[in-house]
Amino acid sequence: MTAKPLTSKPPTAKSPTGEPPRRGRFITFEGGEGAGKSTQARRLAEFLESRGIHSVLTREPGGSPGAEIIRHVLLSGAAEPFGPEAETILFGAARRDHLTSTILPALARGDWVICDRFADSTRVYQGLAGKVDPAFILALEQLTVGADRPDLTLVLDLPPKVGLARVASRQQGAFDRFEREGIAFHTKLRQGFKALVEAEPERCRLVDATRDPDTVAADIRALVLERFDLPARLVAS
Ligand code: T5A
């Protein structure tokens, strides 16, 4: 598949929304279904807490009361009849509420925010693997996220069949709106996330998610250490 433009500007000190400069760090987890994002996001948050770094663990779609309502509309499939652009706008609306209600206040307090999926999921699910024009998605992202981009994005990579098998064994075969898409869609997702890492190497890191959870978690700790230049004593296990 041909990689489409995925570039965005890095965060600036001042948010266009007038929020105070962020003092905490903003880390997102991305990847296909069942890659282990929730598992690793939780483990990283627990690890940071154990080292005295207060962190807020959150997710998308959702992460604030209003966005959790939109999550239900999206994942139940209730918005699907309105078309992919309408679904994309709903992801954007949820993200805006999540940012202003949860993420930006936490960063302003000096907390770290660990978020299970963010705007890159819209770029890849609705854009690269979906049916929505990437220019539409980037314009919406500019409106809803602006400069409030993550400091670090960890993309968990594994073959879609492995991820879907993990989800199936956990949920006993009950799939949501996006999990129900065919294997061709999930293969495009994997390619799209890899293209994202190539397009933004300063922000994104690819993590081999086929390995056992402890090995993946150790890798992620090392990447966080490298990115934020934390003292080694903080990340040693
Ligand atoms: N979406 C989302 C969009 O289309 N656009 C957007 O903009 C956004 C934000 C969200 C859906 O919405 C779509 C993408 C999604 O389809 P969700 O329920 O939040 O739905 O689903 P996911 O984010 O995909 O989360 P999952 O729970 O399905 O997958 P995870 O979080 O990647 O995996 P996790 O950690 O829950 O693990 C899955 C299973 O595998 C095991 C776990 O114990 C669990 O049983 N596991 C491992 N097994 C072996 N080895 C490992 N290393 C393992 N790590 C975890």
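The text below starts with the chain, moves to the sheet, and ends with the pockets and cavities.

This is a predicted model. The chain holds nine helices and five strands. Read from the N terminus, its elements follow the order β-α-β-α-α-β-α-α-β-α-α-β-α-α. Of its 237 residues, 51% are buried. Take the contacts with a separation of 6 or more: 77% of them join residues 24 or more positions apart.

Start with the sheet. Its five strands are arranged as β2-β3-β1-β4-β5. The sheet is open, and the pairing is parallel. Which strands stand at the edges? They are β2 (55-59) and β5 (204-208). Each has a single partner strand, so one side of each is left without a neighbour in the sheet. On average, neighbouring strands are turned by 20 degrees against each other, with direction ignored.

Strand β4, residues 152-157, pairs with β5 in the parallel sense, over five bridges. Within this part of the sheet, L156 stands opposite V207 in β5. Helix α8 packs on the sheet.

Is A93 buried, partly exposed or exposed? A93 has a relative accessible area of 37%, so it counts as partly exposed: the class falls between the buried cut-off of under 20% and the exposed cut-off of over 50%. A93 and P61 are 32 residues apart in sequence. In space, their C-alpha atoms are 9.8 Å apart.

Next come the open spaces. Rolling a probe the size of a water molecule over the atoms shows where empty space is left. The largest pocket has a volume of about 730 Å³. Its lining takes in 33 residues, and G34, K37, S38, D116 and R117 lie nearest its centre. Which helices each supply at least two residues of this lining? They are α1 (37-50), α2 (65-75), α3 (84-109), α4 (119-128), α6 (160-171) and α8 (213-228). By class, the lining of the largest pocket has 14 charged, 11 nonpolar and eight polar residues.

The second largest pocket contains about 230 Å³ of space. It is lined by 15 residues, with P84, G130, K131, R177 and E181 closest to its centre. Two or more lining residues come from each of α3, α4 and α7 (183-199). The lining of the second largest pocket has six nonpolar, six charged and three polar residues.

The largest cavity has a volume of about 130 Å³. Its lining has 13 residues, of which G31, G32, L158, H186 and R190 are the closest to its centre. Strand β4 and helix α7 are the elements that give two or more residues to this lining. The largest share, four residues, comes from α7. By class, the lining of the largest cavity has seven nonpolar, three polar and three charged residues.

How values were computed:
Residues numbered from 1 in each chain as written. Predicted model: local features only at pLDDT ≥ 70, side-chain atom pairs only at ≥ 80, totals over all residues. Heavy atoms only, no water. 1 Å grid on protein atoms, 1.4 Å probe; cavity = no way out; pocket = protein on both sides within 12 Å on 5 of 7 lines; lining within 4 Å. Points joined across faces, edges and corners; volume = space filled by probe spheres on them. Nonpolar A, V, L, I, M, F, W, Y, C, P; charged D, E, K, R; others polar. Buried < 20%, exposed > 50% of the residue type's maximum accessible area, 1.4 Å probe, protein only. Pairing = 2+ DSSP bridges. Axes fitted to C-alpha atoms, helices over the stretch in contact; angles between N-to-C directions. Contact = heavy atoms within 4.5 Å.
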